[in-house]
Amino acid sequence: MNQNLTKRIRNAGLLEKVMSADDAVAFIEPGMTLGVSGFTIAGYPKVTAAALSRRADTGEKLDLTVYSGASLGDEFDGELTRKGVFKKRIPYQTNNDLRNAINAGKVGYFDMALGELPVWIKNGILNHIDVAVIEAAAIDEDGNIIPTTSIGVSNTYVEYADKVIVELNTYVPEEIEGIHDVFSPQKAPNTEPIMIIKPSDRIGTPYIKCDPSKIVAIVESDVPDNGRAVAAPDDEFKQMAKNLISFLENEVKAGRLCNPLPPLQAGIGSVTNAVLDGLQTSNFEHMTVYSEVLQNSIFELMDSGKIDFACATSLTLSSDVRDEFFKNFSRYKDKIMLRPQEISNAPEVIRRLGIIAINTVIEADIYGNTNSTYIDGHRLMNGVGGSGDYCQNAGLAIFITKSTAKNGTLSSIVPLVSHIDHTIHEIHVLITEQGAADLRGLDPIDRARTIIDNCAHPDFRPALHAYLEEAIECCPNKHKPVNLKAAAAFKKQTNK
């Protein structure tokens with residue numbers, strides 16, 4: 001047995017549970033529901049997925065329902081989709097093969113706000129968890145699990161599963177132990193307050209509590225997270241960052257925001273990563289982060305002294321910076337904390353901290369509704385993620401997008417979005433490379449004109465204004481003028 005592995009399994013009685021991945025997945029029967037660790041391609045099982053793939057190669061029909069925290073790497077979501085392993089996948093994904101299978105009706109999918117998932121598991125709204133498959137950096141003397149680069153829903157899956165398979169990943173350094181803060185509220189009506197008043201407050205344990213008798217298998221892995229490369233900021237990304245900084249500076253000047261700023265939250269991906277990176281040039285100092293994901297830009301801001309502390313539920317690093325990050329992990333260890341997504345996405349804490357939430361959308365309409373999940377209202381992209389948890393409760397809810405898509409041939413600002421994820425009641429500010437639209441306190445017509453004039457690309461502004469005037473003319477004495485026929489005509493006219 002690998003000496004490094006035995007060192008990390010500090011409960012001697014569990015050493016006899018170490019086995020091959022192929023032997024471990026024998027505990028997974030066809031038709032079962034798995035609760036799997038992982039959040040935005042961080043901390044997910046790799047070798048266990050490969051073993052399930054090998055079972056599928058024999059012709060076995062597994063028909064597994066898989067719940068995670070959020071998206072998993074291609075070794076799991078992609079490979080098991082290609083092998084036909086999934087019956088249903090919840091709650092979020094970013095894998096192209098899985099997305100195509102969902103849109104083709106080959107894999108069932110239910111989209112939901114990520115903060116709700118652990119609560120639904122506890123209350124039995126979704127399937128009972130037959131087996132939890134959890135990536136770990138170590139197992140302590142009492143059988144408790146030290147997670148790796150994410151927590152997500154892992155603590156809830158371990159608590160409610162019949163059996164637990166631990167994939168012990170020796171790539172992740174032992175020094176990661178101590179950055180986790182695991183707290184799991186009781187079910188209603190016994191739910192207790194979440195006593196966080198600043199991001200660095202510790203309220204839980206540095207491990208996931210686990211009855212060692214539940215652990216049926218321990219599998220060795222040394223495979224790192226396969227995080228996606230982050231696109232370099234282009235001129236439009238840089239301008240979006242400038243528009244964000246200018247807006248925040250004006251809010252501080254007007255006395256509506258404090259300085260240092262309230263904690264920041266930012267969604268995953270190249271857009272938000274690039275916009276956050278722009279904060280390097282701002283005058284803001286001593287920033288903190290209370291978010292779902294800590295990505296490249298967060299650590300770059302730490303390196304430059306802009307961010308003092310950051311907490312989330314996952315460390316989502318692109319593969320090109322991952323090794324260097326762990327090589328210099330001691331530089332960050334005292335400045336970061338990982339929590340379960342039930343806590344990172346908790347409305348109570350988001351509201352209390354007055355978080356500035358920055359999330360991306362596919363499109364926004366002139367009334368302020370936004371769409372972050374569906375192309376043309378029916379083709380799923382990724383999922384709503386945690387943006388709903390944050391924008392509904394944030395002190396300042398900001399949505400960002402480029403003003404155009406498809407090389408400038410489509411407007412991302414439209415008369416009516418094809419699908420609504422976040423309504424006019426949840427968005428405070430819309431920002432594109434064209435400018436920022438502060439929508440707070442505006443009636444529908446003023447809101448529409450503000451969005452068109454500040455956020456729409458100049459090429460599309462005349463058509464958007466023409467739509468609005470036609471809607472006003474055809475809808476006299478209506479608080480919110482909407483013209484479905486004219487909206488359809490705009491889409492046809494501008495879809496080049």
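**View 1. Buried residues of helix α10 in a predicted model.** The buried residues of α10 are Asn296, Ser297, Ile298, Phe299, Leu301 and Met302, where buried means under 20% relative accessible area, exposed over 50% and partly exposed in between, with a 1.4 Å probe and protein chains only. Because six of the eight residues of this helix, which covers residues 296-303, are buried, α10 is largely enclosed by the rest of the structure. Gly305, which follows α10, has a positive phi, near 85°. Helices (H or I, at least four residues) and strands (E, at least two) are DSSP runs, numbered from the N terminus. The model is predicted, with local features needing pLDDT of at least 70 and side-chain atom pairs counting only at pLDDT 80 or more, while totals for chains, interfaces and linings use all residues. Residues are numbered from 1 along each chain as its sequence is written, and side-chain values use heavy atoms, with hydrogens and water left out.

View 2. Apart from its neighbours within four places in sequence, Thr272 is in contact (heavy atoms within 4.5 Å) with Ala266, Gly267, Gln295, Ile358, Thr360 and Ile400.

View 3. When neighbours within four places in sequence are left aside, the contacts of Phe309 include Met302, Pro199, Ser200 and Val289, together with Asp334, Lys335, Ile336 and Met337. Between the C-alpha atoms of Phe309 and Leu484, which are 175 residues apart along the chain, the separation is 47 Å.
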